[in-house]
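Hi,

Here is the model I promised to pass on.

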Amino acid sequence: SLDMDYPLPLLAAESGSFAYNTMKDRVPRILTKCIDTITQKPFEVSDQNVEEGRLDCQSVIGQLSQLRSEIMTDKSLTLLDDEIDDCEVWNARFEQNRSVHQSHPTWFSSPWLYVECFMYRKIQSVLSKSNHMKKFDPFLDQKNLALLQSLPAMRNLAAFLDQVLKIDLGDAKILGLRLQDFLQVSLWGNRCDLSLSGGEESSQTTDPHKNLTTLSEFLLVDCSKKVFDYLYIINQDKKTDKVVDIILDNSGFELFTDLILAEFLLASKLATKIRFHPKRFPWFVSDVTPQDFLDTIDILGKDSSQVLGDFALRWKERLQDETFTLITDENLTSFWTLPDPFYLMKNVSPSLLQLLETSKLLIFKGDLNYRKLVSDLKWLHETSFVKALRGFTSTPLCSLRTLKAEVVVGLPTGVAESIAKCDADWMVTGKYAVIQSNI
Ligand SMILES: O=P(O)(O)OC[C@H]1O[C@](O)(CO)[C@@H](O)[C@@H]1O
Ligand SMILES: [Mn+2]
């Protein structure tokens, strides 16, 4: 097949790789934390019948423990048997994976992207088969804590946007520089994810926009100017709608930076409408669910500071007048929690692709979205970003991503080698970043 022309996928089987460490240590730890959370609140799930609630929890805990041990001992993957509507697609992926491996694919021998997504899908499977925990979010406490810890940084950032919007943005040069600022703030917001930190120090305590100059040293590719030039040109046509889509990643501080970016795009009239794409269920610990999105705005609205309160109020109005739209239709959200790279969207979720193609700009947040943009293959670092997209959409897009997995493309020759010399784990700590685009 044509796949022969492509590099191999990242695999957890390669001992010493980040994928290996993830499946060996990080994923079991995430499951342990999840189990602990459920253990600590066995009576909260059913007010009516305490005993029944306890048994329900026990069964969930038992199944999650079994999942953890199956991963740790590299057992064969199994088919899903739940009622969630993407079950068949997942089982089809199972067969495809098996036909490639010709035997019994296991947690470590299968493509890392696939198994890592499968782990989060398995958690949903277990919850969906429970009596009282179908809608339970095992990561909610972690997400809420991170959000509260980030409030001071959010107040700073909100005040910065507030100031920016008070000055005249009529000058193209200033407008461009500010857009680049907010793209970069949203980018660095991606450093805060709870699946990498295991729940620790994931909040933002400093003033992000003040750090942009310091951080720029770690920004390996920066297409933000190109993105502005493009938006500015299409902005000359005042009549047409300018929809921008943000494919969200993490809740907490990162989501806030996305909201700030969205507000800037609207207030500066570079866009007329923003569509937000959350995950339909809890995913990779900290990813935004529709509930997280709405709760976040509520929590901001209750903050003691005027500035957060004002923005929260404005964002509630935007949700009303639909200048902000939260995409929740399952037909349009289910693709994001499949293991599929985005070039497959045209076959797997044509309705989502159709929606995205009505957009002027797609902003993909974070590491996992990046891995799916480039199919999680071991590309040479010099491979062009557009080539790695494998034909995924003629719609202009950009990826704001801090590096947390051993895949990155579009680097100038020699860059990867020279960083690797002084920073062996440069690809996996979130220290470095890229803003890449097909424009
Ligand atoms: O929230 P993000 O930026 O998608 O990152 C999620 C995490 O998931 C991974 O993609 C796999 O564990 C990491 O590389 C990263 O730490
Ligand atoms: Mn994430």
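**What turned up**

Just after helix H11, Lys-269 takes a positive phi of about 65°. Before I go on, some housekeeping: this is a predicted model, so local features need pLDDT of at least 70, side-chain atom pairs count only at pLDDT 80 or more, and totals for chains, interfaces and linings use all residues. Residues are numbered from 1 along each chain as its sequence is written, while chains are lettered from A and ligands numbered from 1 in the order in which they are written. Helices (H or I, at least four residues) and strands (E, at least two) are DSSP runs, numbered from the N terminus.

Back to H11, which covers residues 253–267. Its 15 residues reach 21 Å from first C-alpha to last, close to the 21 Å expected at 1.5 Å a residue (the expected span is 1.5 Å times one less than the number of residues). H11 is largely enclosed by the rest of the structure, because 13 of its 15 residues are buried. Buried here means 20 or more other C-beta atoms within 10 Å of the residue's own, exposed means 12 or fewer, and partly exposed is in between, with C-beta atoms placed from the backbone.

Two other backbone spots have positive phi without being glycine. Ser-375, with phi near 65°, sits in the loop between helix H17 (366–373) and helix H18 (385–388). Ser-375 is buried, with 23 other C-beta atoms within 10 Å. Thr-393 has a phi of about 50° and lies in the loop between H18 and strand E6 (397–402). With 18 C-beta neighbours inside 10 Å, Thr-393 counts as partly exposed.

Now the helix packing. Axes are lines fitted to C-alpha atoms, for helices over the stretch in contact, and angles run from 0 to 180 degrees between N-to-C directions. Angles under 35 degrees count as roughly parallel, over 145 as roughly antiparallel, 65 to 115 as roughly perpendicular and the rest as oblique.

Helix H6 (residues 151–166) packs against helix H13 (residues 306–321) at about 70°, with the axes 9 Å apart. That makes H6 roughly perpendicular to H13. On the H6 side, Met-154, Arg-155, Ala-158, Ala-159 and Asp-162 meet Val-307, Leu-308 and Phe-311 of H13 (contact means C-beta atoms, placed from the backbone, within 7 Å). By class, this contact has six nonpolar, no polar and two charged residues. For the classes, Ala, Val, Leu, Ile, Met, Phe, Trp, Tyr, Cys and Pro count as nonpolar, Asp, Glu, Lys and Arg as charged, and the others, Gly among them, as polar.

H6 also holds Leu-165, which counts as partly exposed with 13 C-beta neighbours inside 10 Å.

H13 has another partner in helix H12 (residues 290–301): their axes come within 7 Å and cross at roughly 140°. That makes H12 oblique to H13. Ile-297, Leu-300 and Gly-301 of H12 make the contact with a set of H13 residues that includes Leu-308, Phe-311 and Trp-315. The contact splits into seven nonpolar, two polar and one charged residues.

Finally, the axes of helix H1 (residues 18–40) and helix H4 (residues 112–128) come within 11 Å and cross at roughly 10°. That makes H1 roughly parallel to H4. Among the residues that meet are Met-23 and Val-27 in H1, and Trp-112 and Met-119 in H4. This contact divides into eight nonpolar, one polar and one charged.

Cheers

Definitions and conventions
Contact = placed C-beta atoms within 7 Å.
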